[in-house]
Amino acid sequence: MRVISGEARGRRLKELSGMETRPTTDKVKESIFNIVQFDIEGRKVLDLFGGTGQLGIEALSRGAASCTFVDLRKDAAALIKENLKLTRLEDRARVIQGDSLSFLAGCREKFDLIFLDPPYTSGLLEQALERGAAIDILTENGIMVCESAVESTLPDLPEPYRKGREYRYGKIKITLYRRGL
C-alpha cells in the first residue's frame with residue numbers, strides 16, 4: 001500500500017494486522033482519485049472510517065487543505081497518526097479516535113469531500129449517508145465517495161443530495177453522491 005501521487009508519492013504506508021481492516025486496493029484507490037482529481041486541491045476532506053488513513057492521506061498528498069480522520073479502533077487511530085508522520089502530512093490532519101456515527105451526530109462543520117469505506121456488511125455506510133445528509137455535512141458541490149460490495153444497493157438521499165454514478169471493480173462498487181445548490 002503506497003501513496004500514488006502528489007507530495008508524498010511513492011511512500012509506503014503501514015497496515016493493520018488482522019482481518020478487521022480491509023484497505024482499499026491500489027487499483028480502486030487510483031480509480032477513485034481519477035474520478036475526483038479536480039475536486040481535491042484546497043479542499044476540506046473527511047475520511048470517516050479511516051482504517052489506515054490511506055484515502056485521506058492520498059487526498060492530502062494531492063493538495064487537500066485539510067483532512068479529518070475518524071476511526072473507532074485505538075490501534076487504527078494510532079496507525080493513521082504514524083502514517084501521517086511517515087508522509088510528513090500531519091500538519092494538515094486531525095485524527096479522532098471514536099465512533100463515526102457519534103462524530104456525525106456532533107459534527108458542526110462542512111466538508112468538500114468525504115470518503116466512506118466502513119466494513120461492508122455492517123450497515124454503517126447507509127447510516128452514515130443518512131446522518132450526513134440529515135445534518136447537511138457537504139459544502140455546495142461537495143462529494144461523498146462510498147465504497148461497498150458490488151451487490152449492495154445504496155439509498156437515495158433527500159435533496160439537495162443526489163446519488164450519482166456507480167463504478168464497479170470486480171467485487172467492489174464505488175458510488176458518488178453530490179450535493180447540489
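Colleague: Over how many bridges do strand 2 and strand 3 pair?
Modeller: This is a predicted model, where local features need pLDDT of at least 70, side-chain atom pairs count only at pLDDT 80 or more, and totals for chains, interfaces and linings use all residues. Residues are numbered from 1 along each chain as its sequence is written, and side-chain values use heavy atoms, without hydrogens and water. Helices (H or I, at least four residues) and strands (E, at least two) are DSSP runs numbered from the N terminus, and two strands pair if DSSP finds at least two bridges between them. Strand 2 and strand 3 (residues 93-97) run in the parallel sense, and the number of bridges is five.

Colleague: Which residue in strand 2 is the bridge partner of D47?
Modeller: Strand 1 (residues 44-47) and strand 2 run parallel and are joined by four bridges. With helix 2 (residues 54-61) between them, they make a right-handed β-α-β unit. The bridge partner of D47 is F69.

Colleague: Which residues does G53 contact, leaving aside neighbours within four places in sequence?
Modeller: G53 sits in the loop between strand 1 and helix 2. Its relative accessibility is 0%, so G53 counts as buried; the cut-offs are under 20% relative accessible area for buried and over 50% for exposed, with partly exposed in between (1.4 Å probe, protein chains only). With contact taken as heavy atoms within 4.5 Å, the residues are D47, F69 and I80.

Colleague: How far is the sulfur of C67 from the nearest cysteine sulfur?
Modeller: A disulfide needs a pair of cysteine sulfur atoms within 2.5 Å, and the structure holds zero disulfides. C67 counts as buried at 1% relative accessibility, and C107 is buried too, at 8%. The nearest sulfur to that of C67 belongs to C107, and the distance is 13 Å.

Colleague: Within what arc do the buried residues of helix 5 fall?
Modeller: The buried residues of helix 5 (residues 124-134) are L125, A128, L129, G132 and A133. Seen down the helix axis, they line one face of helix 5, because they fall within a limited arc, namely 125°. That arc is taken over the directions from the helix axis to the C-beta atoms, and its value is 125°.

Colleague: Against which elements do the buried residues of helix 1 pack?
Modeller: Helix 1 (residues 26-35) has V28, K29, S31, I32, F33 and I35 as its buried residues. The elements they pack against are helix 2, strand 4, strand 5, strand 6 and strand 7.

Colleague: With which side chain does the side chain of E147 make a polar contact?
Modeller: E147 lies in strand 5 and counts as buried at 3% relative accessibility. A polar contact is a pair of N or O atoms within 3.5 Å; within protein, one must be able to donate a hydrogen and the other to accept it, and residues adjacent in sequence count only if both atoms are side-chain atoms. At 2.8 Å, the partner of E147 is the side chain of Y120.

Technical notes. A crossover is right-handed if, with the strands pointing away from the viewer, the path from the first strand over the helix to the second runs clockwise.
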